[in-house]
Amino acid sequence: MMAEPAPAPGEPPFPGMAWVPGGVFSMGSDRHYPEERPARPVRVDGFWIDRTPVTNDQFAAFVAATGYVTLAEIAPRAEDYPGAPKALLRAASMVFTPTRGPVPLNDVSQWWRWTFGADWRRPLGPGSSLKGMSDHPVIHVAWPDVEAYANWSGKTLPTEAEWEFAAWGGAPTTAEFVWGEALVPNGRHMANTFQGGFPFRNTCEDGHERTSPVGAFPANGYGLSDMIGNVWEWTSDWYGPHPAGPKTSACCAVENPRGGRETDSLDPALPDILIPRKVIKGGSFLCAPSYCRRYRPAARHPQSIDSAASHVGFRCIVRPQT
């Protein structure tokens, strides 16, 4: 369900932004992962959003102008990580590393490596670079990094509801995917995802093993590229269960929800690590039918605010002045 779209309030406030008219839509899903439930009507106001994720070139301009140093480039403090081995308290980030063969899919440590020296400039660690990747999404950025970029650029980060509404691009929220019912309609890849046997063999049928240049796949109805696949994207909402609400009535839709409480976002599996988590959206180049079917707008995942990885990026929005 969609409300009558609001017209754009003039020209974009910054180059490379598109107007999302706002309206009522069915947020969440009752058909997929438990954390996406319940589906319920939500109303968001219109806003401007970056047409693509922030690229390496764009982030480099921010760093050049401010001298900013990302979290992945700073050694963690022992007091923030009780019990952590001293040898691990070095500047590092998480890098996806394919396994040699099939492994149990309930153990992410099989394919994620805490890689010393990996950061946004060196996405695979020492010896790697951004050569040929100026127009790829910036990765290895934690929440403080994306917040600093947004503040510098005069923008902000979207809420989960804003992001999800934008990702649908005006398409019916009853479809399996933004583009219809088939993941690869008529053999055409619509997003950068994982083909083959995860996590050991990516056949790269979509043309990309890891990140792809922004805009390499079809844009949605609002002219937004890579809302699905390529990289997960940070939102401003604290992670928590979706609140229950009215199931069908647009007249009772929740207005511009802002997510849960910071204290409720802590990971219950790590009671000694009091680091809150934000919602990330959209899936990444690692989403596969056999493992992570999160190449859908309703999909969501928690990300600790101090965590950076080789499949997480972001884009910004601007809300009109009221």
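**Entry 1: R294**

I began with R294 and found it in the loop between β11 (277-281) and β12 (300-304), where strands (E, at least two residues) and helices (H or I, at least four) are DSSP runs numbered from the N terminus. The model is a predicted one, in which local features need pLDDT of at least 70 and side-chain atom pairs count only at pLDDT 80 or more, while totals for chains, interfaces and linings use all residues. Residues are numbered from 1 along each chain as its sequence is written, and side-chain values use heavy atoms, with hydrogens and water left out.

Is R294 buried or exposed? R294 counts as buried because its relative accessibility is 13%; buried means under 20% relative accessible area, exposed over 50%, and partly exposed in between, with a 1.4 Å probe and protein chains only. I then looked up its contacts (heavy atoms within 4.5 Å) and, leaving aside neighbours within four places in sequence, noted Y33, E35, W232, G282, G283, C287, A299 and R300.

**Entry 2: strand β11**

Five of the five residues of β11 are buried, so the strand is largely enclosed by the rest of the structure. I checked both faces and found them covered, with R277, V279 and K281 buried on one side and K278 and I280 buried on the other. In a regular strand, side chains alternate between the two faces of the sheet.

Which strands pair with β11? Strand β9 (residues 232-238) pairs with β11 in the antiparallel sense over three bridges, and β12 pairs with β11, also antiparallel, over five bridges; pairing requires that DSSP finds at least two bridges between two strands. I noted that W234 stands opposite I280 in β11, and that R277 has S304 in β12 as its bridge partner.

**Entry 3: a three-stranded sheet**

I also traced an open sheet of three strands, in the order β1-β4-β14, with antiparallel pairing. Since β1 (17-20) and β14 (317-318) stand at the edges with a single partner strand each, one side of each is left without a neighbour in the sheet. Four bridges join β1 to β4 (residues 47-50), and W19 has W48 in β4 as its bridge partner.

**Entry 4: the whole chain**

Finally, I recorded that the chain has three helices and 14 strands. Buried residues make up 52% of its 322 residues, and its C-alpha trace spans about 55 × 45 × 40 Å along the principal axes.
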